[in-house]
Amino acid sequence: MPRGDKSKYTDKQERKADHIAESYEQRGVSEKEAERRAWATVNKDDGGGKRSGSGRGKSTGHPAAHAGGKKGGKAAASRSKADRSASARKAAATRKRNAEHHASR
């Protein structure tokens with residue numbers, strides 16, 4: 001199978017890659033780069049294309065999509081309540097300042 005051949009991917013993997021690529025394109029990434037990132041994510045999640053044979057199937061979950069919550073939770077948990085509160089106040093002030101700035105335009 002030559003490099004870049006997508007014939008061994010399942011329909012579900014192809015739909016998943018299309019959806020990921022669309023998301024990247026909406027965020028301003030070029031079509032070629034979005035496609036590359038999408039297939040890299042599918043490969044990371046599912047271990048590449050599926051091979052034929054009994055017992056070779058593997059579930060196609062979303063493992064890459066589950067890491068974010070753990071990282072965010074650990075970061076916040078390691079800070080004191082006072083630090084989190086100060087950060088929240090600063091963020092609220094920034095949002096208020098930005099809203100006033102955009103309202104005056």
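Visitor: Which side chains meet Lys-16 and Asp-45 in a salt bridge, and what counts as one?

Guide: Side chains of opposite charge can pair when their charged atoms come close. The cut-off is a side-chain nitrogen of Lys or Arg within 4 Å of a carboxyl oxygen of Asp or Glu. Here the side chains of Asp-45 and Lys-16 form such a bridge, at 3.1 Å from N to O. Asp-45 belongs to helix α2 and Lys-16 to helix α1, so the pair ties together parts 29 residues apart in sequence. Helices are DSSP runs (H or I, at least four residues), numbered from the N terminus. The model is predicted: local features need pLDDT of at least 70, side-chain atom pairs count only at pLDDT 80 or more, and totals for chains, interfaces and linings use all residues. Residues are numbered from 1 along each chain as its sequence is written, and side-chain values use heavy atoms, leaving out hydrogens and water.

Visitor: Is Asp-45 buried or exposed?

Guide: Buried means under 20% relative accessible area, exposed over 50%, and partly exposed in between (1.4 Å probe, protein chains only). Both Asp-45 and Lys-16 are buried.

Visitor: Which residues are linked with Lys-16 in a network of salt bridges?

Guide: The network links Lys-16 with Asp-45 and Asp-46. Asp-46 meets Lys-16 at 3.5 Å, N to O. Asp-46 is in helix α2 and Lys-16 in helix α1, 30 residues apart.

Visitor: How many salt bridges does the structure hold?

Guide: Four. One of them joins Glu-33 to Arg-37, with the closest N and O atoms 2.9 Å apart. These two are four residues apart in helix α2, which means a separation of about one helical turn. Glu-33 is partly exposed, because its relative accessibility is 25%.
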